[in-house]
Amino acid sequence: MIALYFVLMAIVAVAAFTVGAARGRRLQAAGLRLHSLPAYHGLFLAALCTVPMMVAIAAWAPLAPRYVESSAIAALPEAARPTTGLERDARLREIVLSAEGRLTGPAAANVEAAGRAYLSAQTTSKTVLIIAGILAALAAFSWGLPRVSADFRARNRFETFTLVVLIACSAVAVLTTLGIVSSVLFETLRFFQRYPWWDFLFGLQWSPQTAIRADQVGASGSFGAVPLFVGTSLIMVIAMLVAGPIGLFSAIYMSEYATPRFRSLAKPLLEVLAGIPTVVFGFFAALTVAPFIRRAGEALGLSVASESALAAGLVMGVMIIPFVSSLSDDVINAVPQSLRDGSYAMGSTKAETIKRVILPAALPGIVSAFMLAISRAVGETMIVVMAAGLAGNLTFNPLEAVTTVTVQIKTLLTGDQEFDSAKTLSAFALGFVLFFFTLTLNVIALRIVRKYREQYD
Amino acid sequence: MVTDHPETFHNQGPTTVNRMADLTMPLTPAAGLFTANEAKVTARDVTVHYGEKQALFGVSIDIPERSVTAFIGPSGCGKSTFLRCINRMNDTIPICRVAGEIRIDGADIYDRRLDPVLLRARVGMVFQKPNPFPKSIYENVAYGPRIHGTTTSRQELDEVVETSLRKAGLWDEVKDRLDQPGTGLSGGQQQRLCIARAIAVGPEVILMDEPCSALDPIATARIEELIFELARNFTIVIVTHSMQQAARVSQQTAFFHLGHLVEYGATEQIFTAPSDTRTQDYITGRFG
């Protein structure tokens with residue numbers, strides 16, 4: 001039924017367009033000079049007729065279930081009506097199952113009756129929707145059609161409509177962000193009701209195990225997030241030490257020195273790195289790199305944990321090389337050739353030109369490439385789960401096991417959850433602080449770019 | 001200074017055999033008209049290929065010192081290509097091949113042992129579109145002295161910057177805002193900044209590739225005055241599509257057509273009594 005509604009909407013749109021455009025053409029044929037081309041009259045009518053239909057279904061979507069449910073409950077005898085919300089939900093589930101014939105075991109007579117009422121209410125609501133939609137479209141059409149005249153500014157109207165659609169689309173993105181942030185924010189506030197925020201932000205001990213019985217070991221969880229952020233930063237720094245120079249230098253080679261032939265081969269190959277699933281990088285880190293580092297460390301007389309920040313950081317660095325190199329390569333290529341010519345013409349070498357002219361001009365783009373890579377490193381989970389361990393050690397030693405914010409969020413929220421314990425809620429607090437962390441990094445990067453930017457046009 | 005520039009596609013073919021004889025040969029009957037100055041740049045039988053396509057056919061020319069030489073001709077006639085041979089800017093184009101011989105002060109600039117980087121410090125260039133670096137006005141002019149290490153102290157550098165800006169006639173306009181970006185200047189000022197930048201390196205020859213084509217008439221007039229001034233100290237070669245400009249600023253004019261140097265002589269003579277009918281057709285506006 002609902003699919004039918006959308007088909008109907010498409011038909012209405014096409015029909016309105018055809019009629020509008022035809023009418024416009026007829027006016028043109030009659031020798032009138034139209035303000036807008038006939039197609040715009042068609043588009044205007046199509047938009048005019050489909051918008052009320054969309055409004056109708058948007059209004060119907062939240063109202064219909066309420067109507068259907070209440071008419072199903074109303075069909076129950078007075079005595080059987082639920083009193084609490086929980087009871088109402090249970091009864092409704094029973095009614096829906098009975099209506100769909102999926103109820104196991106015999107249904108009570110009154111439930112069966114309510115099921116029938118439920119189905120008929122559903123049919124009624126959908127019929128009402130379709131009739132209302134058609135009526136709305138017809139009303140809009142009969143209002144709009146007489147307007148199609150030589151002087152009517154259909155193009156301007158339709159362009160306004162397009163503008164509104166564009167704004168609506170960008171609003172969806174913005175509102176989604178706001179929604180996610182606020183949902184995390186409220187859970188975070190709930191967490192801080194159970195656990196003091198200063199202990200969370202500045203506590204040095206992370207052990208989120210909370211006991212089921214009061215006499216268990218580790219009965220009180222401790223949620224000091226500092227070790228997690230230190231671990232995250234440590235791995236991020238190691239990853240950027242790998243990806244930063246390698247990515248940037250390969251970008252310089254690709255854009256300034258490599259022959260076009262080599263570049264066209266090597267660049268896609270490098271980008272394949274970005275397409276490898278992180279879980280593959282993860283077992284590469286855990287099964288190849290970590291043992292190798294451990295053996296190498298032992299040979300040098302160092303004690304290396306079998307899961308180390310170094311292993312995770314190195315592999316993560318390799319993973320984000322394409323982000324740095326590909327984006328930097330693009331921005332370096334975007335530096336105008338005239339600047340290179342200007343520099344060469346004054347007798348500077350290629351290296352001097354790159355160092356003093358090209359890189360400064362490409363700096364904003366390079367910084368944003370780095371920021372993207374850092375965000376990626378901070379948000380990365382799989383490699384760290386597999387290669388860096390779960391122990392919340394507060395350490396700056398890259399040879400020890402550390403854990404990161406994302407890994408802990410993943411650990412806290414996998415498996416069976418109770419959504420009213422501090423342990424589960426702490427994941428939201430971690431997520432919120434992490435979000436804040438990357439936001440701060442982005443703001444700092446923007447500031448740096450604005451200060452040192454060299455604009456070339 | 002890094003000297004690992006790959007020696008590019010210069011073909012030291014048959015032209016090298018008769019080098020000395022070529023140098024002493026008078027070029028055109030008109031050559032005698034401007035013997036006041038010695039030849040600074042001499043080219044013999046220069047040909048240029050872009051891939052398969054030949055862009056220049058055996059160009060030979062003597063460009064006298066401390067004067068303005070204009071290259072004119074319709075679009076695609078090879079005048080800019082030849083200009084870019086004089087400071088080996090064509091080296092930066094991978095598919096470009098230069099053959100023949102170009103000498104500055106008698107030294108072959110396509111010699112294997114010659115570093116194009118050093119050559120370009122002696123032969124400056126100003127481009128069609130002003131291309132100041134996205135740095136401050138001061139840094140734009142100081143760029144050359146910095147990379148060549150020609151100044152030892154900040155004070156000395158300041159002096160070079162000031163002198164260059166003065167010679168380019170820009171000093172009075174920018175002296176209070178040397179720290180502001182060069183890209184913020186007007187088009188004409190940007191072009192004068194580029195000239196100041198080229199002067200700061202201390203070149204002997206300045207090549208200008210249609211330096212006024214992106215400028216309005218007033219800015220153009222200022223640049224032309226400047227070119228006239230600069231000719232007292234520098235050898236200037238200017239490519240222009242404006243015949244009036246060539247007539248106004250240059251002492252010698254060379255007319256290029258379809259990759260050939262058709263006619264070369266004193267500007268006055270080229271514009272009043274051209275010997276080739278193609279030159280005549282061009283300057284009277286019959287084509288181009």
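## Aromatic residues of chain A

One aromatic cluster is formed by Phe191(A), Phe192(A), Tyr195(A), Phe200(A), Trp206(A) and Phe223(A). The model described in this report is a predicted one. Across all chains, the count of aromatic pairs comes to 19.

Tyr5(A) and Phe6(A) make up an edge-to-face pair, with 6.3 Å centre to centre and 85 degrees between the planes. Tyr5(A) has a relative accessible area of 0% and is therefore buried, the limit being under 20%. Phe6(A), at 43% relative accessibility, counts as partly exposed. Another pair is that of Phe191(A) and Phe223(A), which is edge-to-face because the ring planes stand at 90 degrees, with centres 5.5 Å apart. This pair links distant parts of the chain, 32 residues apart: Phe191(A) belongs to helix 5 (residues 154-194) of chain A, and Phe223(A) to strand 2 (residues 222-223) of chain A. Both Phe191(A) and Phe223(A) are buried.

The domain assignment divides chain A into domain 1 (2-152) and domain 2 (206-452). Taken over C-alpha atoms, the centres of domain 1 of chain A and domain 2 of chain A are separated by 49 Å.

Val19(A) is placed in helix 1 (residues 2-29) of chain A. With a relative accessible area of 33%, Val19(A) is partly exposed. Apart from residues up to four places away in sequence, Val19(A) touches Phe141(A) and Leu145(A). The C-alpha atom of Val19(A) is 8.3 Å from that of Leu45(A), a residue 26 residues apart from Val19(A) along the chain.

## An antiparallel sheet in chain B

In chain B, 4 strands form an open sheet in the order 2-1-4-5, with antiparallel pairing. Strand 2 (53-64) and strand 5 (107-108) of chain B are the edge strands, each pairing on one side only. Strand 1 (residues 39-50) and strand 2 of chain B are joined by 8 bridges and run antiparallel. Thr42(B) stands opposite Asp62(B), which lies in strand 2 of chain B.

Helix 2 (residues 79-86) of chain B packs on the sheet, where it touches strand 1, strand 2 and strand 4 (96-104) of chain B. The direction of helix 2 makes about 120 degrees with that of strand 1 of chain B.

Strand 7 (residues 205-209) of chain B is largely enclosed by the rest of the structure, because 5 of its 5 residues are buried. From this strand, Val205(B), Leu207(B) and Asp209(B) point one way, while Ile206(B) and Met208(B) point the other way.

Strands of a sheet pair through backbone hydrogen bonds, in either a parallel or an antiparallel manner. Strand 7 of chain B pairs in the parallel sense with strand 6 (residues 123-126) of chain B over 4 bridges. Val205(B) in strand 7 is the bridge partner of Val123(B). Strand 7 of chain B also runs parallel to strand 8 (residues 235-239) of chain B, with 5 bridges joining the two. There, Ile238(B) in strand 8 is the bridge partner of Met208(B).

## A buried glutamate in chain B

Glu224(B) is located in helix 8 (residues 217-230) of chain B. The relative accessible area of Glu224(B) is 8%, so this residue is buried. Its side chain makes a polar contact of 2.9 Å with the side chain of Gln245(B). Leaving aside neighbours within four places in sequence, the residues in contact with Glu224(B) are Gln245(B), Arg248(B) and Val249(B).

Definitions and conventions. Residues numbered from 1 in each chain as written. Chains lettered and ligands numbered in written order. Predicted model: local features only at pLDDT ≥ 70, side-chain atom pairs only at ≥ 80, totals over all residues. Heavy atoms only, no water. Domains from an automatic or database assignment. Pairing = 2+ DSSP bridges. Contact = heavy atoms within 4.5 Å. Axes fitted to C-alpha atoms, helices over the stretch in contact; angles between N-to-C directions. Buried < 20%, exposed > 50% of the residue type's maximum accessible area, 1.4 Å probe, protein only. Polar contact = N/O pair within 3.5 Å; in protein donor to acceptor, adjacent residues only side chain to side chain. Phe/Tyr/Trp six-rings, centres within 6.5 Å; stacked < 30°, edge-to-face > 60°.
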